[in-house]
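Trainee: Could you walk me through this one? I'd like to go over the domains first, then some of the charged pairs.

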Amino acid sequence: MSYEVKSLNEECGIFGVWGHPDAARVTYFGLHSLQHRGQEGAGIVSNDNGKLYGYRELGLLSEVFKDDRQLTQLKGSAAIGHVRYATAGNGSVDNIQPFLFKFYDCSVGLAHNGNLTNACSLRTELERDGAIFHSNSDTEILMHLIRRSKKSNWLDQLKEALNQVKGGFAYILMRQDCMIAALDPNGFRPLAIGKMKNGAYVVASETCALEVSGAEFVRDVQPGEIIIINDEGVKIEHFTKDTQHAICSMEYVYFARPDSNIAGVNVHTARKNMGRNLAKEAPVEADMVIGVPNSSLSAASGYAEASGIPYELGLVKNQYVARTFIQPTQELREQGVRMKLSAVRGVVAGKKVIMVDDSIVRGTTSRRIVDLLKEAGAKEVHVRIASPPLKYPCFYGIDIQTRKELIAANHSIEEIRQVIGADSLSYLSEDGLIDAIGLNFDAPYGGLCMAYFNGDYPTPLYDYEEKYQASLKEQTSFF
């Protein structure tokens, strides 16, 4: 899932393994299954009997580790890894993770998924106290807080640091004697634990990465937890009991792979339910239902089943096109849609088509896809979106942080329909989305974060509050 199709990117994916003789290679395979979560850079830190080695670079995982020697140099039976999109910090190699810190008394590797909402304030405070930062990523802040702590032992120092950072965070740390996983008090980002047949433990952003490494799912890391894994097994600690589930709803809608489970809910099943609910809420007469590859295919099949309208392959994705999100202009990025997707003329010509997609961000991509279908002879194109309108920015780890980037923040559904050239346009309701996912935590929206759709943020926004208030006043024309 990349910029040329959606212009909506998750920050990153993290993976760790403890107790495997070829830990770096296992981590490589795990990161490969998380590549959809980050395509800007990758890295691995390994642990060989207490000595930590690291390698990181810009590019896709296969580009970063194109030479096998880079993996074989990462010796040891434990490792953590990271694939990255930039939401905090720029695209320099200094910001590629995992970070490897070497102090006089210990070495620590650190990988982070999410975004801290009080990073600017903390960084300013730390720099005033003499801290020197080597990156402009918010991840480095945690290590400075740990080292500044006056607590007597490392675990208490970590707990104190985790209580100072705010926002969305899933951390994996590698110490000389253990691997540690920690999740923010709301559990915005998924983090799962698995166990391999040889007894090795695995921690990953998504369960699909457990399966590719041959690990069996054990449990999810819960909000406010610290999981300590070493040669003796797994120990569970808490840095706070003040927790409330607010799992990112866009993980289910778009980001996660369909073969992953989040909080016990299969992503494909949730998306199929979104399509079913959408068919009930927004029926329309048509000859066929098609999905926009790849994240919308599950929802499209659910819509087809519930409506009784045949599901057809009306759009084909070219899996081998170059990453056009790095193109410098919007025009070139839009041209990337033609490279990425093709309409099947023999299927859609002369037909009334229901095009199911997962979301509309800026509207430019949806317009190009509608154009593709009509140029291929589609008689009508009815667009159905398997989530509510994206109206509000995210501050917990998605790279949309201003309302001017969101077409639904500034225009009515009818105006958006005109922009994208569809014959009709409907979105799934908030209730329809919550019901489709089906979480049952004792928390608002069943334990989902729905802020992107309704502006109800589960935490204070801290450093982003002023920016958010300013964005509420922005008006952007998409016509």
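This is a predicted model: local features need pLDDT of at least 70, side-chain atom pairs count only at pLDDT 80 or more; totals for chains, interfaces and linings use all residues.

Trainee: How much area do domain 1 and domain 2 bury between them?

Mentor: Start with the layout: domain 1 covers 13–243 and domain 2 covers 266–473, with their C-alpha centres 31 Å apart. Across the boundary, 19 residues of domain 1 are in contact with 18 residues of domain 2. Carbon and sulfur atoms account for 53% of the buried area, and the total is about 1,400 Å².

Trainee: Is S33 buried or exposed?

Mentor: S33 sits in the loop between α1 (23–32) and β2 (41–48), and its side chain reaches the backbone oxygen of G30 at 2.7 Å. Beyond its sequence neighbours within four places, S33 is in contact with C208, A209, V212 and R257. Its relative accessible area is 5%, under the 20% cut-off, so S33 counts as buried.

Trainee: How many residues apart in sequence are R84 and E40?

Mentor: Their side chains meet in a salt bridge, 2.3 Å from N to O. R84 lies in strand β4 (residues 78–84) and E40 in the loop between α1 and β2, so the pair ties together parts whose separation in sequence is 44 residues.

Trainee: Is R147 buried or partly exposed?

Mentor: R147 forms a salt bridge with D105, with the closest N and O atoms 3.1 Å apart. R147 is in helix α5 (residues 140–148), while D105 is in the loop between β5 (99–102) and β6. D105 has a relative accessible area of 44%, which makes it partly exposed. At 31% relative accessibility, R147 also counts as partly exposed.

Trainee: What about R175, buried or partly exposed?

Mentor: R175 pairs with D177 in a salt bridge, closest N and O atoms 3.4 Å apart. D177 is partly exposed at 45%, but R175, at 15% relative accessibility, is buried.

Notes
Residues are numbered from 1 along each chain as its sequence is written. Side-chain values use heavy atoms; hydrogens and water are left out. Domain bounds come from an automatic or database domain assignment. Contact means heavy atoms within 4.5 Å. Buried area is the accessible area (1.4 Å probe) that two parts lose on being put together, summed over both. Helices (H or I, at least four residues) and strands (E, at least two) are DSSP runs, numbered from the N terminus. Buried means under 20% relative accessible area, exposed over 50%, partly exposed in between (1.4 Å probe, protein chains only). A polar contact is a pair of N or O atoms within 3.5 Å; within protein, one must be able to donate a hydrogen and the other to accept it, and residues adjacent in sequence count only if both atoms are side-chain atoms. A salt bridge is a side-chain nitrogen of Lys or Arg within 4 Å of a carboxyl oxygen of Asp or Glu.
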